[in-house]
Amino acid sequence: MPKAWIQDRKKEYYYKKAKAENYRSRATYKLSQAAMKYHFLQRGDVVVDLGAAPGGWIQAARKIVGKTGFVLGVDLKPIEPFPQEYVRTIIGDVTEPETLQQILAFLPRKADVVVSDASPNISGIWEVDHARQIDLATQALQIALSILRPSGNFFVKVFEGDLLDGFVNTVKNNFEVVKLIKPKASRAKSSEMFLLAMKLKSHSRVIEQS
Ligand SMILES: C[S@@+](CC[C@H](N)C(=O)[O-])C[C@H]1O[C@@H](n2cnc3c(N)ncnc32)[C@H](O)[C@@H]1O
C-alpha cells in the first residue's frame with residue numbers, strides 16, 4: 001500500500017474513532033450506520049458475515065444481536081477469535097462450494113441475516129475490480145439464498161459499474177425490498193456502495209450467471 005495512503009487513512013475520522021472505541025476496523029461503522037437506519041438486524045438474530053476479517057462487522061453485529069443471537073464470521077484469512085460463545089469464525093472461501101457446508105455445520109438454525117463485505121484485492125483497473133466485486137457479491141447471494149430463513153435479510157458490498165444493474169435485478173427476483181445505499185462511513189470518493197435486500201421471497205431462487 002502506498003505510504004501516503006496509509007498516512008491519510010490514519011488521519012481520517014472513522015479510522016481514529018474505530019481505534020478509540022476498540023473496533024477492529026473503520027468498516028464497523030458502515031454496518032452499524034446502515035443497520036441503525038434500516039433495522040435489518042435485530043436482537044436475537046443469527047447472522048453470517050462473509051469476508052469478515054479482521055472482524056469489525058462481527059463486532060457491530062454482535063452488539064446488536066446480543067447473547068441471545070449468534071454471529072458467524074467467514075474469511076479467507078484467520079480472524080482473531082472472540083471470547084463470546086455466540087461469536088464464531090471460520091476460514092473459508094465464499095467461492096468454494098465446501099464453504100457452504102462449513103457454514104451450515106456451525107449454524108444453530110437458518111440465518112436471519114447474511115452480510116458480506118467481501119472484497120477482492122484492488123488491482124486499480126476499474127473494470128476488473130468492478131467485475132470481481134460483482135462476482136463476489138453473486139457468490140455471497142448464492143450462500144444467502146441457501147441459508148436464509150424466509151423473510152430473511154441480505155446486505156452486501158458492491159462497486160458501481162455496468163454489471164451492477166444485472167446484479168440488482170437478480171436480487172430483486174429474490175427479495176421483496178431492495179435498495180442501494182451509501183453509509184456516511186463509506187468514503188465519498190470510493191465507488192463502493194451496499195445493496196440492502198429485505199424479506200427473502202419464498203419462491204424464485206434462480207441466479208442467472210452471465
Ligand atoms: C474490507 S475487508 C472486510 C472488513 C470487515 N467487514 C471488517 O469490518 O473488519 C474484505 C475481506 O474480504 C475477504 N475476502 C475476499 N475474497 C474472499 C473470498 N473469496 N472468501 C472469503 N473472504 C474473502 C478478504 O480476505 C478481506 O478480509
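**Classifications in the predicted model**

Q: In which strand is the place of S151, and what makes a run of residues a strand?
A: S151 sits in strand β5, residues 148–159. Strands are DSSP runs of E with at least two residues, while helices are DSSP runs of H or I with at least four residues, and both are numbered from the N terminus. The model is a predicted one, in which local features need pLDDT of at least 70 and side-chain atom pairs count only at pLDDT 80 or more, whereas totals for chains, interfaces and linings use all residues. Residue numbers start from 1 along each chain as its sequence is written.

Q: Why is S151 called partly exposed?
A: S151 has 13 other C-beta atoms within 10 Å. A residue is buried with 20 or more other C-beta atoms within 10 Å of its own, exposed with 12 or fewer, and partly exposed in between, the C-beta atoms being placed from the backbone. The count of 13 therefore makes S151 partly exposed. Its phi is positive, about 70 degrees, although S151 is not a glycine.

Q: What makes H39 exposed?
A: H39 counts as exposed because it has 11 C-beta neighbours inside 10 Å. H39 is in the loop between α3 (28–38) and β1. Its phi, near 55 degrees, is positive in a residue other than glycine.

Q: What is the peptide bond that joins A53 and P54 called, and where is P54 found?
A: The bond joining A53 and P54 is cis, with omega about 0 degrees. P54 lies in the loop between β1 (46–50) and α4 (56–65).

Q: How many helices and strands does the protein have, and why is it called as compact as a globular protein of that length?
A: The protein has 7 helices and 7 strands. Its radius of gyration is 16 Å, close to the 17 Å from the globule rule for 210 residues, so the protein is as compact as a globular protein of that length. The radius is taken over C-alpha atoms, and the rule is 2.2 Å times the number of residues to the power 0.38. The C-alpha trace spans about 50 × 40 × 30 Å along its principal axes. Of the 210 residues, 40% count as buried.
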